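Please read them alongside the sequence and the model.

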Amino acid sequence: MAEAQKAGGGDFISNLGRIYTLYTGGFFGFVALLAVAEQMGVPNKIIGYGFVFLTIAVYAIIGILSRTSDVGEYYVAGRTVPSFYNGMATGADWMSGASFVGMAGTLFLLGYDGLAFVLGWTGGYVLVAVLIAPFLRKFGAYTVPDFFSARFGGGFARLLAVIVLISCSFTYVTAQIYATGIIASRFLDMDFTVAVYAGLVGILLCSMLGGMKAVTWTQVAQYIVLIVAYLLPVIILSTQKFGIPVPQLTYGQAIADITALEQSMIAKGLADAKTLKPHIQPFLTYDPLNFFALIFCLMVGTASLPHILMRYFTTPTIREARGSVAWSLFFIFLLYFTAPAYAAFSKLEVFTLINNGTKIAELPQWMYTYGKIGLVKVCGVDVSAAQAVIDACNKIANHPGLLRWQDLNINTDVIVLSTPEIAGMPYVIAGLVAAGGLAAALSTADGLLLAIANALSHDIYYKMVSPNASAKTRLVVARILLLIVAVAAAYTASTKPADILSMVAWAFSLAAAGIFPALALGVWWKRANTPGAVMGMILGFGVCMYYLVGTRYFAVSFHEMWSWLGTASPAAVEKFNTLKAAWLAAGDEAAKAAAWKALDTHAQTIASWWGVRNISAALFGLPIGFLTIIVVSLMTAAPSKEVQDMVDATRQPAGDLIMKDKATGGVGGH
Amino acid sequence: MIVMMLLWAFFSFGIHFFVKELNTIVFMGFPLGFYMAAQGSLIVFVVMLFIFASLQDGIDRSEGFAED
């Protein structure tokens, strides 16, 4: 029975190429079919539903076909995933709904400074490949906390790793489910809450039955959908504008045009030299310190996010683990080096619109489409009714009656979603983009949920609560926990928590400060011992958390306590003191609350150590983590001979896995 | 490996210190400083990883540490 299964698995693996080529062909055929249907007059709504339901159905079918009752398959896909496909799956795992939908918009608004995200999120893979992934693979762990427990002797290090893992993954998964809700409600006119739970069902179908094995093969399918959906609109745009279907090469021209338009708009009085940030000029939003700090934190964070690291447990060999990091980066690169082109093309469209002198009364249709859901504002009001916008603009002194750059406020999410409409492409392309965004959000949510649920079921339940549980019980527990975590995340998302969404960016700093020092030193420094690692994780994570929470939620007291380390200008300090006095003087409750809000908002802009933004909090947590581990380790006894030999063995690809699981053989049969 | 980390540091941070100077050079229609951040460094990272994977494999084999 077990052998028959293995043979079946082998067949599947050797036929992967054919299966996914067929799948990709089928997907293109499906897009073409819907395009024809649109020409024949099928309403947009049906096309939108067609895209969303069919793609989710395909993922669900893959998820169900890959169901498994083998522990090794559930946790690490049986360690049979070839590097090329693991690369694709990691790409989908990595690129969240926000990367897909928001990245180009961020570049649109920030210009050069936004490239810190592009650099940080790709360069991190170099660290993964060189410093971490191959060694973790050799270790043979099921989860990242597994490694901590074996290397740093036991439960406490494991528990700390689980805490860091959950604190950086849970907000992240909530944001993904939120993104599926937004996309589904925008394109299908569903109620937001219904859309969130519909997304939840899609996620569960993909991950619950087959664990890592199912998630791997659906992620590969989702990557194909998302990359096609991302590339196709820009390729069409590039061909329309410059006659060459390679947007990455042609947008140099677009950037030159943008620079020319920027000057022309200022000359015509349609843009304000103060609010217009020239696209290619660096360090307008972030000063150099913050720009490089952000790149650094994103890179190290990438190399410590558990849902990414655990993907490299699934390859058959260590060589393939290395190759698979290279493939992952390649597949991620495809999207990230297209994003700046996306941003440049849509900026060119919008600037041309403004430069041509568009009357406020004649705003284009796409602004109304997104204005209605609050994503496009002109003169400070949502673009939903023409008259309201005209009235708002008339209130501004010396308004010329033409749309100016400073009047326009576009949410970053709109750029990717609206590009097909702005460029006048058929609806089928917009539907395709929606399906791509959904694929990106669903695939990341799958990976994160699995990381959390596995940490709970494998590390907490099996390793700490009930070490004698049978393989069957472990799988049942794993699935129940997955369900609970998923429902909790969907419930949180359905309350539209603004705070959670802004906290996603924190995940990178938290992972970097909490996990990276112990992980890197655990692999590379034999002398690192248990007290060192435990103290390092607590202090690194603690300092990072303190900085994040302090500057965000307790900004006033943070500023007062640390003003000697801050970089606030004398004028800003003056303003702080005035606002504080106003708050102290305020009489009744309402006035007091309003004064506090003004004070707090201002304090958030100046509360810092050396002016570092809180998104880069790991800049402090990381060195403290490293330092603590080194100092404490040197002050206490060296790790035992066995542990030191184990570290040596991790560095050599040859030989057996270091950790062996009782149930690796699986329970066989279904 | 150390070479890899140095290359990583240079293309992650080093080169972007000079973005203002590089922006005066035009490469394929792009200002070079912008290009390096948007595409150049990324391409280097990808190529580097493929080279690293195959070099490291070669070392493992010649030192007798390869898996098979």
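1. A residue is taken as buried if 20 or more other C-beta atoms lie within 10 Å of its own, and as exposed if 12 or fewer do. The model discussed here is predicted. A:V416 counts as buried because it has 26 C-beta neighbours inside 10 Å. This valine is found in helix α19 of chain A, residues 414-422.

2. What does A:V416 touch, leaving aside residues up to four places away in sequence? Its contacts are A:F100, A:V101, A:A104, A:G105, A:Y342 and A:V433. The C-alpha atom of A:V416 is also separated by 7.4 Å from that of A:G102, and these two residues are 314 residues apart along the chain.

3. Two residues of chain A deserve a look for their backbone angles. A:A77 has a phi near 50°, a positive value in a residue other than glycine. A:W610 is not a glycine either, and its phi is positive at about 50°.

4. Where do these two residues sit, and are they buried or exposed? A:A77 lies in the loop between α4 (71-76) and α5 (83-94) of chain A. With 26 other C-beta atoms within 10 Å, A:A77 is buried. A:W610 lies in the loop between α27 and α28 (618-635) of chain A. With 12 other C-beta atoms within 10 Å, A:W610 is exposed.

5. Two packed helices are described by the angle between their axes and the distance between the axes. In chain A, the axes of helix α26 (residues 570-585) and helix α27 (residues 589-606) come within 9 Å and cross at roughly 160°. The pair is therefore roughly antiparallel. The crossing of α26(A) and α27(A) is left-handed.

6. On the α26(A) side, the residues that meet α27(A) are A:A572, A:K575, A:F576, A:L579, A:K580, A:A582 and A:W583. Their counterparts in α27(A) include A:W596, A:L599, A:H602 and A:I606. By class, this contact has 11 nonpolar, 1 polar and 3 charged residues.

7. Among the residues making the contact are A:R319, A:R322, A:L329, A:F330 and A:F333 of α15(A), with B:L42, B:F45, B:L49, B:F50 and B:D57 of α3(B). The residues of this contact divide into 12 nonpolar, 2 polar and 3 charged.

8. Chain B has 3 helices and 2 strands. Read from the N terminus on, its elements run α-α-β-β-α. Chain B has 68 residues, and 37% of them count as buried.

9. Chain A contains an open sheet of 3 strands in the order β2-β1-β3, with antiparallel pairing. Strands β2 (381-382) and β3 (408-410) stand at the edges with a single partner strand each, so one side of each has no neighbour in the sheet. Strand β1 (residues 376-378) pairs with β2(A) over 2 bridges in the antiparallel sense. Which residue in β2(A) is the bridge partner of A:V378? That partner is A:V381.

Key. Residues are numbered from 1 along each chain as its sequence is written. Chains are lettered from A and ligands numbered from 1 in the order in which they are written. This is a predicted model: local features need pLDDT of at least 70, side-chain atom pairs count only at pLDDT 80 or more; totals for chains, interfaces and linings use all residues. Axes are lines fitted to C-alpha atoms, for helices over the stretch in contact, and angles run from 0 to 180 degrees between N-to-C directions. Helices (H or I, at least four residues) and strands (E, at least two) are DSSP runs, numbered from the N terminus. Angles under 35 degrees count as roughly parallel, over 145 as roughly antiparallel, 65 to 115 as roughly perpendicular and the rest as oblique. A crossing is left-handed if the near helix is turned anticlockwise from the far one by less than a right angle, and right-handed if clockwise. Two residues are in contact if their C-beta atoms, placed from the backbone, lie within 7 Å. Ala, Val, Leu, Ile, Met, Phe, Trp, Tyr, Cys and Pro count as nonpolar, Asp, Glu, Lys and Arg as charged, and the others, Gly among them, as polar. Two strands pair if DSSP finds at least two bridges between them.
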